[in-house]
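Let's take a walk through this fold together. Have the sequence and the 3D view open, and follow along.

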Amino acid sequence: MSSRRRVVLRRFLLAVVALAVVGGGGLAGFRYVDRPEKAVAANGPDPAQTVEITRTDLSQAREVTGQLGYGGSSTIKSHATGTITWLPKANTVVDRGDALFRVDNKPVTLFFGSTPLFRTIGTGAGSPPPTTPPTSPSTPPSAPPSEPLEGPDIRVVKENLTALGFLPTTTTDKLTPATTKAIKKWQKATDQEPTGVIDATTVVVLPGAVRVDSIKAALGDPAATELLGVTATDKVVSLPFDADAADGIKAGVKVKLALPNGKDTTGTIRSISTDATTPPDDGNPSDTGKKPQLIATIALDQQAASKGVDTGPVQVTVPGPSRKGVLVVPVAALLALREGGYAVQVVNGTTTSLVGVQTGMFADGNVEITGTGLQAGQKVVTTS
């Protein structure tokens with residue numbers, strides 16, 4: 001073969017066509033050639049333009065930015081009348097049986113449950129049985145005694161008194177003499193007047209322990225107002241994402257987290273909002289056309305990993321499809337054949353040969369390949 005023909009053939013083989021393919025790392029670019037049997041290089045390929053075929057794992061996981069914090073805040077209000085005489089400090093954790101605040105120096109206590117107290121519970125809360133004089137033939141029968149109070153709010157009180165050690169067991173939703181006795185014991189132990197009566201002015205019912213996020217009132221304010229902003233006690237990651245790009249983001253999925261304190265941990269997507277909202281415009285002209293977003297809430301699998309930092313950006317790695325132990329080359333090593341399909345240019349000493357390949361997953365600038373005789377460690381020509 002003449003020197004001129006070799007030059008023309010080499011230039012033809014190394015013609016580069018840039019392509020852009022959407023999805024999973026994408027096709028950044030590959031060479032486009034006819035398919036000769038062999039290409040001969042005078043001194044072999046330039047080592048800087050070759051790369052080894054590797055056997056490794058590919059994944060279309062993606063990284064997105066979330067925000068560490070305590071999740072949404074809710075407001076605590078008081079149903080009591082009087083004056084606020086004590087409030088907790090911000091960042092205080094209030095547990096079952098602890099005082100949330102004080103009104104006229106009397107504690108208003110946190111109970112756990114799903115039903116708030118909506119009536120007075122205890123001795124005197126219901127109609128007491130009437131006192132009946134001795135009967136005589138001329139005395140009409142007295143009214144039957146009233147039934148004891150019963151309901152989910154009664155069970156909330158009883159379950160909390162049991163958890164706090166003032167009632168042995170909780171077996172019914174009824175107000176019993178043992179319940180009233182336990183209420184009095186609890187009141188006495190918490191410096192309250194042991195009346196045996198409990199209601200929404202002395203107890204606030206929440207699903208669990210809370211962290212005081214903000215103070216909304218001041219000492220001396222009337223009690224019947226908004227007093228505290230509270231959050232959950234565990235930190236979470238809030239992850240906003242475009243509503244039309246939810247691939248891999250669903251409840252129960254495990255994700256990797258790079259926390260602002262430099263530590264890595266994992267988390268579990270706990271919930272996803274259903275109301276898509278458009279991010280606020282911050283005045284940047286390039287921010288026009290923002291897409292509606294949903295919010296995923298991610299629970300940290302190890303709370304201790306976030307020690308020392310309450311808020312800050314978090315890099316969240318959301319898993320995607322993956323392939324284990326496959327042969328991989330850079331996308332730039334692919335040759336697009338005029339007759340269709342792809343090949344790689346395998347280096348054999350000072351010569352190269354084209355080997356047809358089937359492509360699999362694309363990820364992070366690499367591509368999975370299969371082809372006759374291909375194995376890890378072989379060198380192929382690449383454009384970069």
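## Around valine 253

Leaving aside neighbours within four places in sequence, valine 253 is in contact with Gly248, Gly267, Thr268, Ile269 and Pro319 (contact means heavy atoms within 4.5 Å). Take threonine 268: it's 15 residues from valine 253 in sequence, yet 5.7 Å away in space, C-alpha to C-alpha.

You'll find valine 253 in the loop between β17 (236–242) and β18 (254–258). Helices (H or I, at least four residues) and strands (E, at least two) are DSSP runs, numbered from the N terminus. Valine 253 counts as buried because its relative accessibility is 14%; buried means under 20% relative accessible area, exposed over 50%, and partly exposed in between (1.4 Å probe, protein chains only).

## What we're looking at

This is a predicted model, where local features need pLDDT of at least 70, side-chain atom pairs count only at pLDDT 80 or more, and totals for chains, interfaces and linings use all residues. Residues are numbered from 1 along each chain as its sequence is written, and side-chain values use heavy atoms, with hydrogens and water left out.

## Helix α2

In α2, the buried residues are Asp153, Ile154, Val156, Val157, Lys158, Asn160 and Leu161. Their cover includes β11 (106–112), α3 (177–189) and β14 (203–206). After α2 comes glycine 165, with a positive phi near 90°.

## A ring and a charge

Arginine 211 lies over the face of tyrosine 70, 3.9 Å from the ring centre. That label needs CZ of Arg (or NZ of Lys) within 6 Å of the ring centre and within 35 degrees of the ring normal.
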